[in-house]
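Please open the model in a viewer and keep a selection panel at hand.

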Amino acid sequence: MPLLKGGALIDDPWQRLADDTALPADGAVIVSFARWRAEREALLARSAPLGVLLKNTDPVDVLAADIAHLQLIALEFPKFSDGRAYSQARLLRERHRFGGELRATGQVLPDQLHHMRRCGFDAFEVAKGDPVTAWRRAVHTFSAVYQPTGDGRAPVSALRRRLLAAAAD
């Protein structure tokens, strides 16, 4: 699946391991949350980059103590209409201050890239359409936003209140 990062398609340097696949001595790996919980000590002892794949039902708070040791967290969108991974992303970025790669995986649609980016995602596995064109459109199309996120942009409702308050003065 194409990996979109920084507005360009890149080769994915990460290997996603099945739970029953032997852990390689080196190389960047992504393991499931279940495997991370079962093999936490061995995984943290590796000197190679480590990533964890979370389902949208997995609790992100469990990773909080080890967040500095993770270079990537992938969040799964099992259906385009299921937005729980947006909440997970915001918790990881805003509450837990995760600074590594935050990857959207699963049913990632091009028209969702703008909001995903605002929630903290910086890498996207996009299965449909032209991801680079969708990225350009997502970054440059919207001058106003409706949902608050941790990116500091004021939503339209706050802008309206400011205009009304200024007009009342």
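The model is predicted: local features require pLDDT of at least 70 and side-chain atom pairs count only at pLDDT 80 or more, whereas totals for chains, interfaces and linings use all residues. Residues are numbered from 1 along each chain as its sequence is written, and side-chain values use heavy atoms, with hydrogens and water left out.

**The core**

Begin by selecting W36, I73, L75, L113, F121 and F124, the residues with the most contacts inside the largest nonpolar core, which has 35 residues. A nonpolar core is a set of buried Ala, Val, Leu, Ile, Met, Phe, Trp, Tyr and Cys residues joined through side-chain atoms within 4.5 Å. Buried denotes under 20% relative accessible area, exposed over 50%, and partly exposed in between (1.4 Å probe, protein chains only). Elements giving two or more residues to this core include β5 (50-54), β6 (72-77), α3 (84-95), β7 (101-106) and α5 (131-141). Helices (H or I, at least four residues) and strands (E, at least two) are DSSP runs, numbered from the N terminus. Another core, of six residues, lies apart from the largest one; I30, L53, L72 and A74 are among them.

Next, centre on F124. Leaving aside neighbours within four places in sequence, F124 is in contact (heavy atoms within 4.5 Å) with P2, L3, L4, A104, V108, L113, M116, R117 and W135.

**The strands**

Select β6. Five of its six residues are buried, so β6 is largely enclosed by the rest of the structure. Strand β6 pairs with β5 in the parallel sense over four bridges, and V52 stands opposite I73 in β6. Two strands count as paired if DSSP finds at least two bridges between them. Strands β6 and β7 also pair in the parallel sense, over six bridges, with L72 opposite E101 in β7. The chain passes from β6 through α3 to β7 in a right-handed β-α-β crossover: with the strands pointing away from the viewer, the path from the first strand over the helix to the second runs clockwise.

Within β7, select L102. Is this residue buried or exposed? L102 is buried, with a relative accessible area of 0%. Not counting residues up to four places away in sequence, L102 touches I73, L75, A89, L92, R93, G120, F121, D122 and A123.

Select α3 and look down its axis. Residues A85, Y86, Q88, A89, L92 and R93 are buried.

Move on to R97, in the loop between α3 and β7. R97 has a positive phi of about 55° although it is not a glycine. Most residues other than glycine have a negative phi. R97 is exposed, with a relative accessible area of 64%.

**Helix α5**

Finally, select α5, where P131, V132, A134, W135 and A138 are buried. These residues cover an arc of only 160° around the axis, which puts them on the same side of α5. They pack against β1 (3-5), β2 (8-10), α4 and β8 (123-125). On the other side of α5, R136 and H140 are exposed.

Key. The arc is that of the directions from the helix axis to the C-beta atoms.
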